[in-house]
Amino acid sequence: MKKVDAPLNNKTTKNPPGDAFSDCVVNPPSLCTVEAIYSFEVSLPPNANGYLLACFAPGYRIDNLVNLTGGELFATYTAEIPGGSAAANSSFSIAGDDRVVSCVNSKFEYRFGATDYDGDELRYYLCGAYQAGLNVDGNIDPLAPPPFRTSIYAPNFSSSVPLGANITVDERSGLMTGLAPGKGNYVVCICVAEYRNGVLIATQRKEIHVEVAPCEIAKASLLPEYLLCKDNSTIQLSNLSSGFRVEGFYWQISNSEGVVLHTDKQPTVAFTFKDTGVYNIKLVINKGVNECVDSATAIAKVYPGLKPDFIFSGDCVGRPTTFSNTSTASLGQINYWQWNFGDDVWGNAAHGIPDVTKEFNPIYPYQSSGPKKVQMVVGTSYGCRDTLRRTINILPKPALTMFSRAQLICVGDTAALFAHAPEGGNFTWSPQVNMVGGNTDKPLVWPAVTTVYHVLLDKDGCQNKDSVTVRLIDQVSVQAMRDTVICQGDSIQLKVASDGQTFSWTNVAPEKAALRNPVTTINATTDFEVTASIGGCKAKDTVRVVAVPYPVVNAGADTIICDQASVQLRGRSDGSSITWSPASTLSASNILEPIAAPKQTTSYILTAIDTKGCPKPSSDTVRVTVLPPIQAFAGKDTTALIGLPLQLNASGGVAYEWSPAIGLSATNIPNPVANYSSPSERIRYKVRMVNEAGCADSAYVNVKVVAAKPTIFVPNAFTPNGDGRNDNLKPIALGMQQIEYFNIYNRWGQLVFSSKNNGQGWDGKVGGVLQRTGVFSWAMKATDIEGKPYFLKGTVTLIR
């Protein structure tokens with residue numbers, strides 16, 4: 001290693017001209033680039049392996065880079081000097097500015113455009129930017145030898161996609177194209193591989209800084225080509241630049257012979273191609289609309305049926321990983337493939353890693369473990385290309401899992417050891433004394449003493465180790481739980497303390513008998529025997545579970561009582577102590593037959609416990625229904641005619657008794673019929689009634705008996721104001737057998753009320769609306785006690 005101090009020869013600040021941006025750009029960025037040139041000469045002796053020139057550059061990156069974490073202002077730049085026959089070499093030069101400016105979401109285009117004076121073949125690929133030297137204990141060492149550390153990329157960015165997935169670089173031309181990402185500063189590292197006669201002789205690296213500004217450009221922007229290579233023949237087109245001052249669109253799609261197939265003036269276009277082939281696309285913006293006219297062209301290749309795919313084998317670091325290209329194409333032949341193994345040292349001669357990116361089925365040795373983002377690009381003879389990205393995991397050693405790292409067996413028994421390698425491999429167990437299958441994943445062993453067995457897994461030279469201990473015993477310990485008492489019909493979990501591996505219980509359901517701690521239900525005292533086993537070693541123990549019946553309890557029959565009454569509860573139990581609840585309406589809560597005086601219907605719970613061994617209480621419930629007070633009613637006072645029957649009606653009970661019995665058809669029913677032969681100023685009837693619980697109450701009704709001809713009385717006015725007096729207009733029929741109708745009409749002759757019931761009247765409302773003050777007509781027809789018809793009509797005044 002040789003250190004060279006490079007002096008600064010020239011430093012220039014470059015600012016853009018004042019008219020660098022036209023009126024068709026809004027919010028243009030300000031550019032300022034500082035260019036520094038360092039030069040030196042050094043003589044190196046011949047070396048068959050060549051040399052690596054590494055430049056430690058402090059502070060030569062822009063701060064706050066979006067695609068790197070932690071800023072990383074310091075950087076390491078490298079260049080290779082080939083050795084051997086390729087030592088006579090003129091290094092190529094890479095054109096283009098070191099700083100590029102673009103607008104957010106606008107078309108991005110940058111050509112690295114290297115030139116090689118020896119005519120060597122150049123291939124371009126994006127690679128990881130290097131950190132500055134080697135970070136040792138937090139210090140940067142400018143003299144650190146390779147391999148250099150790759151910068152840590154922010155989420156959604158990597159060495160192969162430093163500007164996001166929408167920008168790619170052409171391997172042959174070095175042209176980077178796509179759609180610019182979001183606002184911010186980005187670092188992009190390009191690797192240029194130099195081939196001579198098909199052999200890689202050197203790889204050079206170059207970084208550029210890209211500033212994406214929040215500017216807007218009135219620009220027509222398309223991708224260079226649109227590939228319909230999968231399973232779709234419909235193209236979706238839109239202007240890739242922002243909409244600043246874009247006020248008009250003109251789309252044209254034509255075939256390879258120039259025949260126009262479709263035109264459109266919409267911002268977006270969807271067009272389905274009817275045949276395969278290469279088509280031309282043109283977009284013109286603002287034509288004849290404003291001065292920001294621009295156009296863009298692209299081609300569309302329609303050859304569906306390309307399906308990129310690959311499989312791989314070998315996932316151990318430092319060992320070959322074999323990739324198999326399984327891509328297929330329905331049209332044309334697959335004639336292009338390019339691999340990116342997601343490892344920044346591939347193709348770098350300084351690391352001695354061969355460039356296999358152009359091989360159809362490459363074999364690549366990963367130098368570090370962890371997830372690797374493998375990218376495979378395939379193309380067809382029709383110019384179709386597609387990219388498959390897949391993450392694979394490279395292991396520091398092959399995966400090895402053990403069924404158990406400790407086993408217990410009885411002397412003279414055989415144990416089965418289990419090891420599992422998901423990716424396969426060769427197993428070797430040791431010691432192989434008293435063992436069969438020592439080169440399998442499931443050997444059998446019968447050791448004479450406690451032994452530790454080691455297993456070695458070898459997968460293509462990648463190894464992993466583990467072990468299992470087989471401990472020998474000559475007896476099993478077992479101790480069942482203590483004898484216990486439970487309530488009859490309850491369940492209990494049987495428990496055992498033991499180092500046994502298998503168990504067998506007696507008097508337990510077959511599906512539970514092999515459990516260590518089974519749950520069972522018993523109705524009688526039962527002895528349970530448990531046998532614990534480790535192979536041929538066995539031991540037994542017994543537990544007795546005594547089943548004691550629950551205490552007997554009966555709260556008595558449900559009952560009904562009158563309002564404000566009480567009742568004596570009739571509880572029965574063989575328990576040692578009892579409790580009633582709720583206790584607030586009981587004379588006592590700890591006796592079997594308390595007096596209950598509930599204010600409302602109540603359920604009383606009798607709970608009993610005993611001292612016979614069952615630790616749980618028993619309960620029963622009795623319901624005391626409290627009936628509401630009797631609503632005794634004998635009917636309203638009325639007038640009867642001599643010789644005509646009068647219907648009486650009482651309500652409120654389930655049994656009735658009328659007194660006196662004057663003129664009544666019966667005295668023990670709620671609705672007797674009364675007949676009178678002589679007048680009376682008043683007969684006062686009393687009706688006594690009882691309900692379901694035998695509760696009694698009385699009501700009264702007065703009957704006046706008169707001698708008169710049959711007649712009907714209708715008032716000439718009424719006042720429906722809700723004061724309880726004269727609110728309804730109703731007929732009073734005396735000596736009438738039946739009322740056939742009682743109709744009321746308004747001044748226009750419209751029927752507003754009709755009834756056939758004596759005593760049923762009109763409340764002055766029509767459709768629920770109280771009528772205004774006015775005169776109404778009425779008419780009625782009835783049949784008297786002799787069966788003769790009776791007609792009557794008149795008027796009535798409604799007063800409000």
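This is a short exchange about how some local features of a predicted model are named.

Colleague: What should be kept in mind about the model and its numbering?
Modeller: The model is predicted, with local features needing pLDDT of at least 70 and side-chain atom pairs counted only at pLDDT 80 or more, while totals for chains, interfaces and linings use all residues. Residues are numbered from 1 along each chain as its sequence is written, and side-chain values use heavy atoms, with hydrogens and water left out.

Colleague: Why is Asp727 said to have no salt bridge?
Modeller: A salt bridge requires a side-chain nitrogen of Lys or Arg within 4 Å of a carboxyl oxygen of Asp or Glu, whereas Arg725, the nearest side chain of opposite charge, is 7.7 Å away from Asp727.

Colleague: What does the side chain of Asp727 reach at 2.7 Å?
Modeller: It reaches the backbone nitrogen of Gly724, and a polar atom of the Asp727 side chain lies 3.4 Å from the backbone nitrogen of Asp723.

Colleague: Why is Asn197 called exposed?
Modeller: Its relative accessible area is 79%, so Asn197 is exposed; phi of Asn197 is near 55 degrees, a positive value in a residue other than glycine.

Colleague: And why is Asn726 called partly exposed?
Modeller: Asn726 has a relative accessible area of 39%, and therefore counts as partly exposed, while its phi is also positive, near 55 degrees.

Notes: Buried means under 20% relative accessible area, exposed over 50%, partly exposed in between (1.4 Å probe, protein chains only). Lys and Arg count as positive and Asp and Glu as negative; His and the chain ends are not counted. A polar contact is a pair of N or O atoms within 3.5 Å; within protein, one must be able to donate a hydrogen and the other to accept it, and residues adjacent in sequence count only if both atoms are side-chain atoms.
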